[in-house]
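Dear colleague,

I am passing on the structure below, followed by notes on what was found in it. Please read the notes alongside the coordinates.

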Amino acid sequence: MPGISSGIHIALQAILAHAQTIEVIEHNVANANTPGYRRQSAILEATVPSPILAAHKGMGAGMRGGGVRVAQIQRFNLEFFDGRYRSVSASAKYWEARRDILLQIEATLAETSQDGLINKLDQFWNGWQNLAGDPANLSLRVSLLDDARVLAEGFNRRWEQLQQIRLDQNQAVTSQVEQINAYADEVARLNREIARVFSTGERPNDLLDQRDRVLDKLAEMSGAVAHEQKNGEVLVSIGGHVLVMGVQALHLTTRPKAGDTPMVEVVWEADSPPQTVNLPSGSLKGILEVRDQVIPQQIQGLNTLAGQLIQQINALHSGGYGLNGATGLPLFTGSDAITMKLNPAVDAESLAAADAAGQPGNNAVAMAIAALRNQAIAGLGNASPNEFYNGQITSFGILTNNATQNSSTHGLVAKALNDQREAVGGVSLDEEAANLAKAQRAYQAAARVLTAYDEMLDRIINGLGLVGR
């Protein structure tokens with residue numbers, strides 16, 4: 001007949017299986033707020049049944065069940081959602097990086113405040129217009145010299161600040177390259193551990209969570225994509241070039257950019273000769289584009305405007321005469337935005353407003369310089385100075401607005417996709433509480449069965465007497 005030992009074994013198996021189920025639930029609850037954690041579930045299955053022995057025929061029908069066991073610890077995750085999320089988050093971080101730097105540049109240019117260059121230009125032109133109305137007025141001459149100095153310093157300061165922002169982003173590029181290399185090494189290390197665990201028939205769920213978090217970061221920074229292999233390892237690439245293959249990580253590095261020192265470019269360290277990294281998306285691409293395209297365009301625009309102003313104003317001022325008869329003096333020195341300075345040789349007396357000596361009421365030069373405000377200049381694309389700079393600021397504003405809108409749009413899509421991932425793999429405390437109650441009741445029932453067998457054995461051993469009496 002069926003043995004008591006088999007019943008004890010089934011009850012014990014049930015206790016152990018449901019105890020492990022409770023441990024998994026406890027692990028889920030403990031990591032309910034852990035970023036990137038994917039909930040796990042103990043999958044129970046019936047063990048292989050055993051046939052009825054010939055001697056026991058007629059004492060039971062069919063094959064005897066062997067109880068229950070934990071078949072595997074399932075991890076709730078969908079690779080499809082991971083791939084979509086990483087693609088969108090890489091785009092979101094790309095636009096976010098551009099937006100942050102462009103807003104910083106916008107604050108530096110300060111064109112919406114009284115410190116804007118347009119205001120300084122207007123004040124400078126108004127100063128010449130006022131002087132033309134009273135060429136011999138020393139107070140107006142002193143004020144105009146101060147306006148000229150402020151204008152030159154405005155160009156200087158903007159050039160310096162733009163260049164400093166560019167240097168700051170250059171440091172950010174180096175920092176991100178180092179971080180990407182560290183993440184690549186981490187993925188290679190996890191690949192080794194995950195493949196080893198898979199080879200034993202187990203599932204390294206927590207290690208997979210760790211690797212997915214690192215892959216998310218790699219995608220955000222560089223637009224990296226990952227493809228899982230049959231042995232559990234992932235192949236990671238950036239722009240079609242392998243970053244991680246199995247347990248080997250290839251590194252990025254930086255080198256001085258030809259013709260643009262001290263800027264650096266990002267290349268593949270192992271390639272000979274080193275090849276430039278083709279970044280499909282991510283924050284690093286956003287930083288590089290603003291550093292190498294947008295900021296140089298702004299600096300070039302400042303240099304062009306400053307150079308034309310220096311050339312046009314000096315040509316008129318050098319041919320004019322001051323109250324003291326001085327002539328041939330340029331109003332500005334330098335040739336671009338960073339070198340533009342008020343000529344220290346020019347004072348209130350020598351400021352040229354007349355086109356002839358000994359005529360303090362002559363305002364011909366002052367009128368000619370004031371007229372530059374609305375004069376089309378070939379070197380500025382046949383635009384006036386104010387029109388040229390307004391056009392540059394407008395184009396920059398469109399870039400900033402575009403980056404802001406795209407950052408918001410892609411960020412919302414990335415959040416929606418992450419919410420979908422969490423709906424599949426996130427921990428619900430209500431659901432875990434329900435599962436815990438079920439597992440606890442099953443554990444208690446199995447323990448009660450084991451107690452029943454204990455009582456049966458006690459009755460057989462201690463209650464039936466001794467053999468031979």
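Angles under 35 degrees count as roughly parallel, over 145 as roughly antiparallel, 65 to 115 as roughly perpendicular and the rest as oblique. The model is predicted, so local features need pLDDT of at least 70 and side-chain atom pairs pLDDT 80 or more, while totals for chains, interfaces and linings use all residues. Residues are numbered from 1 along each chain as its sequence is written, and side-chain values use heavy atoms, with hydrogens and water left out.

The axes of helix H1 (residues 4–30) and helix H9 (residues 429–463) come within 8 Å and cross at roughly 155°, and H1 and H9 are therefore roughly antiparallel to each other. The residues of this contact divide into 22 nonpolar, 6 polar and 1 charged.

Helix H9 also holds Glu 431, which forms a salt bridge (a side-chain nitrogen of Lys or Arg within 4 Å of a carboxyl oxygen of Asp or Glu) with Arg 39, the closest N and O atoms being 3.7 Å apart. Arg 39 is in the loop between H1 and strand E1 (40–46), 392 residues from Glu 431, and the pair links distant parts of the chain. By this rule the count comes to 26 salt bridges.

Best regards

Definitions and conventions: Axes fitted to C-alpha atoms, helices over the stretch in contact; angles between N-to-C directions. Helix = DSSP H or I, 4+ residues; strand = E, 2+ residues; numbered from the N terminus. Nonpolar A, V, L, I, M, F, W, Y, C, P; charged D, E, K, R; others polar.
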